[in-house]
Structure formats: structure tokens, C-alpha cells
Amino acid sequence: MRAKAALNHSVLDNCPGGRRRQVDYKCRTYGSELRLVSAFHTSNTCGNPDCGKVDPRSRPGCGRLFVCVHCGFEDHADHNAAVEIHARARRTGGSVTNSTRRRSSASSPGQPRRRMREAQPAVYSVEGNRSR
């Protein structure tokens, strides 16, 4: 029972709503744009811009290979799905080609850190006693 409770706790810590909230916060901090895209049928959609057909037969078995049955386009299944998600994000509007790229107009969060006192070099007097 304790292992189940730990699993439930870890799942709730990594819930999609919390992840979205954190990514949204980071995007605003760094001046990026978050675009929500439905992942429905991305693994069955051809990543070839000339085709774009959805067919579950393009993913035979549990393999990692995507082969479009309409145009013959071949790619790694995860890469093909990522290309499709990126294309859907571009179609939602705007001219941003990479929604995770940092814009130059945003300033960096935080300020430059000062060196800690322990990390500063010690200064010694002529007599060899340590002084500040």
C-alpha cells in the first residue's frame, strides 16, 4: 500500500496541469511563446508537407519506424510526430518558427551573482598575517 501511495504522489507531482503552468511561467520569464497543440493523431500523420495524410497503417506493429502508406515517406516515429506537432504550432498563427527559442528583447531573469566571501582571494600583509 505504501508503494502505491508513493506512485500516486509522484504522478500528481508531474501532472500535465502543473507541467503546463511551469512551462508557461518559464516562457513568460524568457520571452518565449507557449502554443498549445493537440497531439491527437500526430503519430499517425505523415510528416511530409506534400502528403499530410492520417493513416494508422503507417505505423506497423510497435516499431519505431513510420512509413506512410500513401507517399512512402520514411522517418523515425517520434521525430515524425515532433515534426507534425511543430507544423501544427506554426499553423496556429504568428511568425514564430521555434516556440522555444529565446527572444533577444527579453532580459535575463535575476541579477549577476556576487562572489561569496569565502570565494574571494585572501589578502595578506607583509608580516604574513591575514588581513582584509
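**Salt bridges in close-up**

**View 1. Arg35 is a buried residue, with 13% relative accessibility, and its partner is Glu33.** Buried here means under 20% relative accessible area, exposed means over 50%, and partly exposed is anything in between (1.4 Å probe, protein chains only). Arg35 pairs up with Glu33 in a salt bridge, with 2.9 Å between the closest N and O atoms. For the term itself, think of a side-chain nitrogen of Lys or Arg within 4 Å of a carboxyl oxygen of Asp or Glu. Glu33 is partly exposed, at 28% relative accessible area. The model is predicted, so local features need pLDDT of at least 70 and side-chain atom pairs count only at pLDDT 80 or more, while totals for chains, interfaces and linings use all residues. Residues are numbered from 1 along each chain as its sequence is written, and side-chain values use heavy atoms, leaving out hydrogens and water.

**View 2. Asp55 and Arg57 meet through their side chains.** This salt bridge spans 2.8 Å, N to O.

**View 3. Helix H3 holds both Glu84 and Arg88.** Helices are DSSP runs (H or I, at least four residues), numbered from the N terminus. H3 covers residues 77–91, and the two residues sit four apart, about one turn of the helix.

**View 4. Arg91 joins Glu84 and Arg88 in a network of salt bridges.** Across the whole structure, the search turns up six salt bridges.
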